[in-house]
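Please keep the sequence and the structure at hand while reading.

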Amino acid sequence: VIIVGGGNSAQQEAILLSGYCKSVTMVQNLDKLTGEASGIELINKTENISVLYNKKVVELIGTDKLEAIVIEDVNTLEKQVLNTDGVFVAIGHMANNEPFKNICDLDENGFIISNECMTNINGLYVAGDCRQKKIRQISTAIADGTLASVAAISYLDK
């Protein structure tokens with residue numbers, strides 16, 4: 001299986017899939033992995049995970065199902081075909097907060113800035129992956145929902 005990306009999300013997916021797949025190949029467009037040191041160490045220790053650096057996916061090949069991908073070296077532009085039956089894209093997160101750009105404060109990446117799910121606008125709360133935070137997982141989104149709802153109830157009670 002192929003994983004596109006080299007950050008924390010891609011590393012977590014690679015480690016998880018290495019327990020189920022014969023081989024996992026990470027395609028990273030940089031000359032290094034960009035996630036946490038412990039994740040990089042585990043990737044390097046896991047025998048059935050390999051990393052292709054300075055590469056990007058430029059084409060998917062297949063008729064009724066995925067059969068291969070074409071990767072391109074970002075420096076030499078040399079192309080290579082890799083046979084695979086699965087690709088996971090784990091290249092980071094993008095906020096979809098365009099409707100809020102003129103309402104509340106967003107950071108440079110478009111995530112809503114908050115303090116314990118409270119924005120800079122009185123009565124406007126935020127939860128989940130649209131807010132600025134370090135970890136983006138379902139468990140943190142659920143916790144955000146709890147924080148935001150408790151804060152909203154407190155606001156309404158006043």
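Ile103 is partly exposed, with a relative accessible area of 45%, where buried stands for under 20% relative accessible area, exposed for over 50% and partly exposed for the range in between, computed with a 1.4 Å probe on protein chains only. The model is a predicted one, in which local features need a pLDDT of at least 70 and side-chain atom pairs count only at pLDDT 80 or more, while totals for chains, interfaces and linings use all residues. Residues are numbered from 1 along each chain as its sequence is written, and side-chain values use heavy atoms, with hydrogens and water left out.

Ile103 sits in the loop between E7 and helix H3 (138–157); helices (H or I, at least four residues) and strands (E, at least two) are DSSP runs, numbered from the N terminus. Together with Phe100 and Ile121, Ile103 forms a nonpolar patch on the surface, the three having about 230 Å² of accessible area together. Patches are made of residues with over 30% relative accessible area and no salt bridge, with like charges joined within 9 Å and nonpolar side chains (Val, Leu, Ile, Met, Phe, Trp, Tyr) joined within 5 Å, and the areas come from the Shrake-Rupley method with a 1.4 Å probe, only the protein chains shown counting as cover for residues.

The loop between E7 and H3 also holds Asp105, which is partly exposed at a relative accessible area of 39%. Leaving aside neighbours within four places in sequence, Asp105 is in contact (heavy atoms within 4.5 Å) with Phe111, Ile112, Ile113 and Asn120. The C-alpha atoms of Asp105 and Ala95, which are 10 residues apart along the chain, are separated by 13 Å.

Two further residues of this loop deserve a look at their backbone. Glu116, placed in the loop between E7 and H3, has a positive phi of about 55° although it is not a glycine, and Cys117, found in the loop between E7 and H3, has a positive phi near 75°, again in a residue other than glycine. How do they stand in terms of accessibility? Glu116 counts as partly exposed at 49% relative accessibility, whereas Cys117 counts as buried at 0%.

A search of the whole structure finds one aromatic pair. Tyr125 and Tyr155 form this pair, which is edge-to-face, with 6.3 Å from centre to centre and 65° between the planes. The pair links distant parts of the chain, since Tyr125 lies in the loop between E7 and H3 and Tyr155 in helix H3, 30 residues apart. For such pairs, rings of Phe, Tyr and Trp (its six-membered ring) must have centres within 6.5 Å, and planes under 30 degrees apart count as stacked, over 60 as edge-to-face and the rest as tilted. Tyr155 is partly exposed, with a relative accessible area of 35%.

The structure holds five salt bridges, each defined by a side-chain nitrogen of Lys or Arg within 4 Å of a carboxyl oxygen of Asp or Glu. The table gives some of them.

| Glu41 | Lys45 | 3.1 Å |

By contrast, Lys101 counts as partly exposed, at 46% relative accessibility. Glu41 and Lys45 are four residues apart in helix H2 and are therefore separated by about one helical turn; Glu41 is partly exposed, with a relative accessible area of 44%, and Lys45 is exposed, with 59%.

In helix H1 (residues 8–18), the residues Ala10, Gln11, Ala14, Leu17 and Ser18 are buried. Seen down the axis of H1, the buried residues fall within an arc of 140°, so they line one face of the helix, the arc being that of the directions from the helix axis to the C-beta atoms. What covers these buried residues of H1 includes strand E1 (2–4), strand E2 (24–27), helix H2 (37–45), strand E3 (49–52) and strand E7 (87–89).

Glu36, in the loop between E2 and H2, touches Asn8 and Gln11, residues up to four places away in sequence not being counted. Glu36 and Ile15 are 21 residues apart in sequence and 13 Å apart in space, C-alpha to C-alpha.
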